[in-house]
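Here are my notes on this model. Please read them with the structure open.

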Amino acid sequence: MRPRRRISTSIVIAAVALGLVAGPALGDGKPDTPAKLGDQRPVAADLAAGKAALTVSAEATQASAAIQSRILQHVRAKGTKYTFGAYADALTGKVVVETDAPSDVVDSLVGDNSKGLVEVRKQTATDDFTRRDDVPAFWGGSGITFAAPNGHCSAGYTVQNSAGTRFMVTAGHCFANGATAVTELGGRVVGVASGNGLPGEDMVLLGGQSYAPFVYVGGVDSSTGHHVASAANPIVGFNNYCHSGRTTGEHCGHTVSSITGTVCTSSGCKSPVIVYSGGTLPQGGDSGAPFYALSVSADDKHIRGHHIASSGTTRYAEMWSRVQARFGVSIVT
């Protein structure tokens, strides 16, 4: 399953869950579609119900605010090992704390004076996301598009340069230099394109955001990812390579027939490239998707390149060594 967000994202999510952010959720969380700021009047259906809004006691309100403040301070100081949700429940009059933290941590946050008012529930708070509505740190295999939507591609895998700066690799025909890539749903900025290798190399880097060494697995609406453990070129004749993209999801059973192929499309001729076939193959929108091998006895993935082109039942992918050589990068693991 996806690891919890690190401090920057988690604090925003925690603040939203704790009711400490006014108006629409901003930043790295996954906001719904709230009303505009300043437009928080009851809707007609609320008024028609003819019921007064429920309230909580001043004591519960004060206790809730104190607990929420302690939780935020704890997360800022200790990180996101544990998750929290806290609120004053108008239906029960209690202060509810939902957390997977151990009892000693909970006791330090609740405080002795508040225990009579507090209901602690053993729960884990998680981010809501899928490969088509990704959140930082971004993963490979997610759906990406232009800031002004105009077709879809897939994120590839995370690399870093000698200075340790991370980037997301994807297909060069998806984004010209300077273009802004955003998530397929929600329009969250994934990165700004640079270093485009066309016409000879179908690759580009997306930078400026946070990127993690994971790729989405499973179906097109999956929220599950697996760790990337290494990168190398594929072996000709091996018959269980995989891809994972926004159009077709994850599929394996691909056989590499060549690593010295040439493919010429409207964006130019690329050579040498991986040539592969077999199984459920990538389709439109899967450009940039990671092409990888599975681990023998674990869930780790081993990057071999990224998908770039199709011709009948044949598919083409850029090789890892060409990405490494062009950008001077290493795989992030």
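The points below cover the cores, then the salt bridges.

1. Basis. This is a predicted model, in which local features need pLDDT of at least 70, side-chain atom pairs count only at pLDDT 80 or more, and totals for chains, interfaces and linings use all residues. Residues are numbered from 1 along each chain as its sequence is written, and side-chain values use heavy atoms, with hydrogens and water left out.

2. Main core. The largest nonpolar core has 21 residues. Such a core is a set of buried Ala, Val, Leu, Ile, Met, Phe, Trp, Tyr and Cys residues joined through side-chain atoms within 4.5 Å. Buried means under 20% relative accessible area, exposed over 50%, partly exposed in between (1.4 Å probe, protein chains only). Ile144, Phe175, Val190, Leu206, Ile308 and Tyr316 touch the most other members. Strands E10 (189–194), E11 (204–207), E16 (268–277) and E18 (301–311) each supply at least two residues. Strands (E, at least two residues) and helices (H or I, at least four) are DSSP runs, numbered from the N terminus.

3. Second core. A separate core of 17 residues includes Tyr157, Val215, Trp320 and Ile331.

4. Salt bridges. The whole structure holds eight. The criterion is a side-chain nitrogen of Lys or Arg within 4 Å of a carboxyl oxygen of Asp or Glu.

5. Glu201 and Arg326 meet at 2.9 Å, N to O. Glu201 lies in the loop between E10 and E11 and Arg326 in helix H5 (residues 320–327), so the pair ties together parts 125 residues apart in sequence. Arg326 is partly exposed, at 36%. Arg188 pairs with Asp133 at 3.4 Å; Arg188 is buried, at 13% relative accessibility.
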